[in-house]
Amino acid sequence: MSTAGFNAQNGTGKGQAYANGPSQNPGVNYNMTHQPTYNQMQAKAPAPPGPGLYPSGPYQPVPPVSSYQPGPPLTSYPSAPGQSPLSRPPMAGLASHTPPQSASPSPGPRLPPAQATPPPPPAVSSSSYYPSPQQPMAPAWQYNTAPPPPMGPSASMVTPPRGPPVNHVNPAASAAAVPVPPPPPSSAAYSTAPPPHMSQSATQPPGPVLPPTSLHGYTQPGAAPPPMNPVAPHTYQPSRPGYGPPPTGPPPSGPPPTMKPTPPPTGPPMANATPPPPRADGAVAGNGPQATNNYNHVDNNMGGLTQPGPPGRHLGHYPSLPPGYQNTSAPHAPSPMHPAMQAATQPYTQAPQPYQQPPGGPGMAQLSPSLAAMSLQSSTPESLRVVNLLQERNLLPPSPVPAPTPCLPQDLQKVNCHPEVFRSTLTSIPQTQSLLNKAKMPLGLLLHPFKDLSQLPVVTSSTIVRCRSCRTYINPFVSFLDQRRWKCNLCYRVNDVPEEFMYNPVSRSYGEPHKRPEVQNATIEFIAPSEYMLRPPQPAVYLFVLDVSHNAVETGYLNVFCQSLLDNINALPGDSRTKVGFITFDSTIHFYNLQEGLSQPQMLIVSDIEDIFLPTPDSLLVNLNECKELVQDLLKSLPTLFEKTMETQSALGSALQAAFKLLSPTGGRMSVFQTQLPNLGVGALQSREDPNQRASAKDIQHLSPATDFYKKLALDCSGQQVAVDLFLLSAQYCDLASLGCISRYSAGSVYYYPSYHHQHNPAQVERFQKDLKRYLTRKIGFEAVMRIRCTKGLSIHTFHGNFFVRSTDLLSLPNVNPDAGFAVQMSIEENLDDMQVVSFQAALLYTSSKGERRIRVHTLCLPVVNSLSDVFAGADVQAITGLLACMAVDRSVTASLSDARDAMTNAAIDSLTSYRQSVLTIQQPGLLAPACLRLFPLYTLALLKQKAFRTGTSTRLDDRVFAMCQLKYQPLSYAMLMIHPALYRLDDLTDEGALNISERTIPQPKVLQLSVEKLSREGAFLMDAGIVMYLWIGRNCHPNFLTQVLGVPSYAAVPENLYLLPELDTAESQRTRAFVGWLRDQRPFFPSLHVIRDESQLKASFMQNMIEDRTESALSYYEFLLHVQQQISK
Ligand SMILES: [Zn+2]
């Protein structure tokens, strides 16, 4: 539709097809890609244990796949010969999520999962985000769409030159055991005793063997019995009894699975007390294989156009601002209540705040007429009000932009899923794909499925009512034909109402199935009965992998980590079965024997990093309750243990392999702390960044991983229910593009603290402390899967976030955390004729830290429309922006950054072109947008200027890659702050319109446009950019603010590195701190605050977020609007 990319405005146009077509599900590609890994593991693993035994061997995620395909075994996940689906090892219990599907295959439009061939490499030649049918979209985070090289054992994948094990006393025997922490005199002899592993050689042969597949992992002494569907901690309503089966109904679930206790492992062999020796710096840089460059340079001929021109060019090209442009008043009056903000802070209620709906909505039976009437009534709803963007300047509402409300009858909307949890880019779904194509807007869902909710209905029931055909959970949008039958809203099958469901535990009455909580709440959680767990739920297992190289010790992070874990050790989510373990590493790998009964922790050093093994597999992960003192001893001694180290090398890859082996039998969470580029052994990396090219490069290189080591290991982890969280604390380039894969594919998270230093960067230290506290204590779900279903006719084709796509609609999430967001792209495969509404259901099956199997279900209902104006009227500009950001990250990696930038620009141009040509009946001059999309060009420009996608500005590669990671996995509300920060004036805060929360008064200043014209030298302005906040102090800032809030006598006295607001006993100080604290409280991560002056180094960062202003390398908002208008007029 549009003909040119943003950066091509001065010349050659690029044909930019904007197709919104279905594409092959990329998930199958994952299956294919990592299949050999699983096969390999299966081959190594012993035969699966019989029923009742604990599975610890092979990962065999067969059932979910086979449930779709009752035919021949899948190529991706072959089952063991002669093994029927029912007798598969309990590990497959994860898939019991959908067991009955094997009996009745879904009639839905889903693709058969594993048969599809991997999509070919995308021949990206145009800058549109919507793949044509011949051009499958690259899957989330897939960096190499070409078939992967054959996978061998990981050790053979990378063969860097390796330094000899410097200074190790006993290189032949790879392990030495040393107690921790007594630092004896340096003359203390290193162990001449046989290294511990030798005494274990009978059971633990050296070499890349799998961890022992014994029962030990789950049968620690004192392990609690598995749960018996205990009463949920959160009940449906506090004043009411928890749900249970009806008094006359069938008995609750059968006996719980039992576990066989095993005798405690015997103590490990003792060794002489020898501390780890300081090592000479004998580093030999590792030399990881350089991946072939996967960029598609089809567009290289456009390279010369990818940089915005010099300022002068634009100045000459665009007219100056018209008079009056800057001073138009805002179209909306400020709302004192700030509904969007309230939604963010107030407890999530089961009955959402009443939405602003047209009156009416008489019920489902009359749905069609009511929708039709609504369509007529609201022929020009506010969302379609025509806005001339070139004339209306102050488009930002004074408070955060609320999510649009779907145009549904009130009774449906009243129970609909909360937009913070589940949101669609189009709140009115087009009836056909061709209508969607016409609209030129992406169709997709944004989810925050495990969000912390203050009120969550929890149901314990022996029967979870689901559609017999498509396995949809019963939800508020099904219809009851009568008391005994309900019709599925996804596949339309008529199902029987089970006897038990006739009883309503809320009203304690019989015969009202439509009043059950499942039918009254779009978000609900079930305690899963035993059929949802073919293996006993795993315990909470936490393994910490800590960089203790010289560089790491220099940063001082170890102190903060150890102290934080000591402080929060009793708040780790878990129960009596919780296990913990520690691994530290530099050029060698250090294990810690924490077995109960030892007088002190015992360190075991393995220097053979090529062929990593576990020296005492049974005593490295220990029961936290039983061994807490030893754990605490270790945490107290660790920071000093490596104080004097001179070891600069980092064998991160081997440490990860060791950690994987340790966690494999149980699954769990691996928390990795890394402070430098790993340069030794497997997974070693080299610097790929040339700082001199940061600003001038025509396109950004090295956004894709240098090695597939981390991805492969992550997939192995995913298969064993292990998620890896990466904390990167570094001043130097660490190749996050490569390292991040370890978290991306294992459903972990990445935390990044650039320039972390305990003395030089106190703001980062504070952020690290706060983040750690949240990280250690937040809710966690283990061995999770999430399936997203949608009404027949719709299909999901691309996922965004951190996970592994196990089948077309099933995400594997070894861990799920409450701060993770996901996005999916959808297409319309069959016309949605005769449908008034469609539904989407996300079901997250997980094991709680208390060992309960739970299912959290969210169902979203949206209307179907058949006119383009109705599609536009329902556009959710923030959701569209969030989804476009995810798509642009993929495009940056699979094609090029300039291609991604062009595609983003074209998204805005194309949708506004479509609006102008097909919706507007009266043509008028100007750049016209419907009110609901009035912020689209602004957000698009914001994306182009975002750290992830900007060009022409010096941006560290790791900073850029981290921004890309965040855009992909942050929930929408946080991602939007990164994209378009909020600017507030703070020096004139008043209590007018303030919120009152827990007897605290929270001032509510207006959100200002991001332009220097909104700043004033007399003021102080806070910019909230999500992960970071800047408080800019004007040179002539009112002395009252300086003294009463900052506690300094004058502007000149504002310290250079001020990152804390002093706690002064003044009204101004209290107001300011209340507001900043309130902003921080609304997000799960801790934004650091930087108080800056004109002279501050950070001023540039602050100014770069002034999105509406022009910079040396980027257009101003007005210039961008003119460019968009120019393209539309073509
Ligand atoms: Zn169904």
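What share of the 1130 residues in the chain do buried residues make up? The figure is 63%. The structure is a predicted model. Its secondary structure comes to 28 helices and 34 strands. Among the contacts in the chain with a separation of 6 or more, 80% are between residues 24 or more positions apart.

- Four strands form an open sheet in the order β29-β32-β33-β34, and their pairing is mixed.
- The edge strands are β29, residues 982–985, and β34, each of which pairs on one side only.
- From one strand to the next, the twist averages 20°.
- β29 and β32 run antiparallel and are joined by four bridges.
- Y984 has L1022 in β32 as its bridge partner.
- Helix α25 packs on this sheet and touches β32, β33 and β34.
- The direction of α25 makes about 135° with that of β33.

**Helix α25**

- Helix α25 spans residues 1039–1046, and its buried residues are F1041, L1042, V1045 and L1046.
- In general, an α-helix has 3.6 residues a turn, so residues three or four places apart point the same way.
- The packing partners of the buried residues of α25 are β32 (1020–1024), β33 (1028–1033), α26 (1067–1081) and β34 (1088–1092).
- G1047 follows α25 and has a positive phi, near 70°.

**The hairpin β23-β24**

- Strands β23 (residues 804–807) and β24 (residues 810–816) run antiparallel, with three bridges between them.
- The two strands form a hairpin, and two residues lie between them.
- V805 has L811 of β24 as its bridge partner.

**The helix pair α14 and α15**

- Helix α14 covers residues 652–663 and helix α15 covers residues 709–719; they pack with their axes 11 Å apart and at an angle of about 10°.
- α14 and α15 are therefore roughly parallel to each other, since angles under 35 degrees count as such.
- On the α14 side, the contact is made by L652, G653, L656, Q657 and F660.
- On the α15 side, the contact is made by F709, Y710, L713, D716 and C717.

**T584 in strand β14**

- T584 belongs to strand β14, residues 579–585.
- Is T584 buried or exposed? T584 is buried, with a relative accessible area of 0%.
- Beyond its neighbours within four places in sequence, T584 is in contact with L546, V548, I589, H590, Y592, L638 and F642.
- With one of these residues, Y592, the side chain of T584 makes a polar contact of 2.7 Å.
- T584 and F544 are 40 residues apart in sequence, and their C-alpha atoms are 8.2 Å apart in space.

**N623 in strand β17**

- N623 is located in strand β17.
- The relative accessibility of N623 is 2%, so this residue counts as buried, the cut-off being under 20%.
- Which residues does N623 contact, leaving aside its neighbours within four places in sequence? They are S576, R577, T578 and K579.
- A polar atom of the N623 side chain lies 2.8 Å from the backbone oxygen of S576.

- C627 is in the loop between β17 (622–623) and α13 (628–641).
- C627 is buried, although it lies in a loop; its relative accessible area is 4%.
- Not counting residues up to four places away in sequence, C627 touches L594, Q595, E596 and V622.
- From C-alpha to C-alpha, C627 and L598 are 9.3 Å apart in space, with a separation of 29 residues in sequence.

Technical notes. Residues are numbered from 1 along each chain as its sequence is written. Side-chain values use heavy atoms; hydrogens and water are left out. Buried means under 20% relative accessible area, exposed over 50%, partly exposed in between (1.4 Å probe, protein chains only). Contact means heavy atoms within 4.5 Å. A polar contact is a pair of N or O atoms within 3.5 Å; within protein, one must be able to donate a hydrogen and the other to accept it, and residues adjacent in sequence count only if both atoms are side-chain atoms. Two strands pair if DSSP finds at least two bridges between them. Axes are lines fitted to C-alpha atoms, for helices over the stretch in contact, and angles run from 0 to 180 degrees between N-to-C directions. Angles under 35 degrees count as roughly parallel, over 145 as roughly antiparallel, 65 to 115 as roughly perpendicular and the rest as oblique.
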